[in-house]
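Please look over the sequence and the model below before reading the report that follows.

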Amino acid sequence: MNTKIILSLSLILSGISFGCSTAPALPADPIKSRRDAEAKQFFDDYLLHCDTNAINCLWFLQNNPRIGMKMTIHLDQATVTTERDVYNWATQYEG
């Protein structure tokens, strides 16, 4: 029991003494920030312009705002279509 406590404390203290995650943040890349903002606007437009009797859904692959996984549920046809859309680059459709 004492061995586990000593080992746990030593791991905690070694993390403190080596300075876990104290590196300064990198400066923001203005070009990447602009592209991300354009991509977000593109996917916002996708969500806003939805056909009648359809639901548009969206999530981002690996939290990357330029890779949108789009899904449209067609209520009147009882079908679903999906696509991976890499903003301003390529689109991959799947039934």
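Which residue takes a positive phi in the hairpin of β2 and β3? In that hairpin, which has four residues between the strands, Ala78 takes a positive phi near 55°.

This is a predicted model, in which local features need pLDDT of at least 70 and side-chain atom pairs count only at pLDDT 80 or more, while totals for chains, interfaces and linings use all residues. Residues are numbered from 1 along each chain as its sequence is written, and side-chain values use heavy atoms, with hydrogens and water left out.

The chain has two helices and four strands, and from the N terminus on these elements run α-α-β-β-β-β. Helices (H or I, at least four residues) and strands (E, at least two) are DSSP runs that are numbered from the N terminus.

The strands form an open sheet in the order β1-β2-β3-β4, with antiparallel pairing, where two strands pair if DSSP finds at least two bridges between them. Because β1 (54-60) and β4 (90-94) stand at the edges, each with a single partner strand, one side of each is left without a neighbour in the sheet. Neighbouring strands of this sheet are turned by 20° against each other on average, direction ignored; the axes are lines fitted to C-alpha atoms, for helices over the stretch in contact, and angles run from 0 to 180 degrees between N-to-C directions.

Strand β2 (residues 67-74) and strand β3 (residues 79-86) run antiparallel and are joined by eight bridges, with Ile73 standing opposite Val80 in β3. Strands β3 and β4 also pair in the antiparallel sense, over five bridges, and here Thr82 stands opposite Glu94 in β4.

| Hairpin | Residues between the strands | Residue with positive phi |
|---|---|---|
| β2 and β3 | four residues | Ala78, near 55° |
| β3 and β4 | three residues | Asn88, near 60° |

Helix α2 (residues 30-48) lies across β1, β2 and β3, and runs at about 155° to β1. Contact means heavy atoms within 4.5 Å, and among contacts in the chain between residues at least 6 apart in sequence, 21% join residues at least 24 apart.

Of the 95 residues of the chain, 17% count as buried, a term that means under 20% relative accessible area, with exposed over 50% and partly exposed in between (1.4 Å probe, protein chains only). The chain exposes about 7700 Å², of which carbon and sulfur atoms supply 60%.

Methods:
Accessible areas come from the Shrake-Rupley method with a 1.4 Å probe; for residues, only the protein chains shown count as cover.
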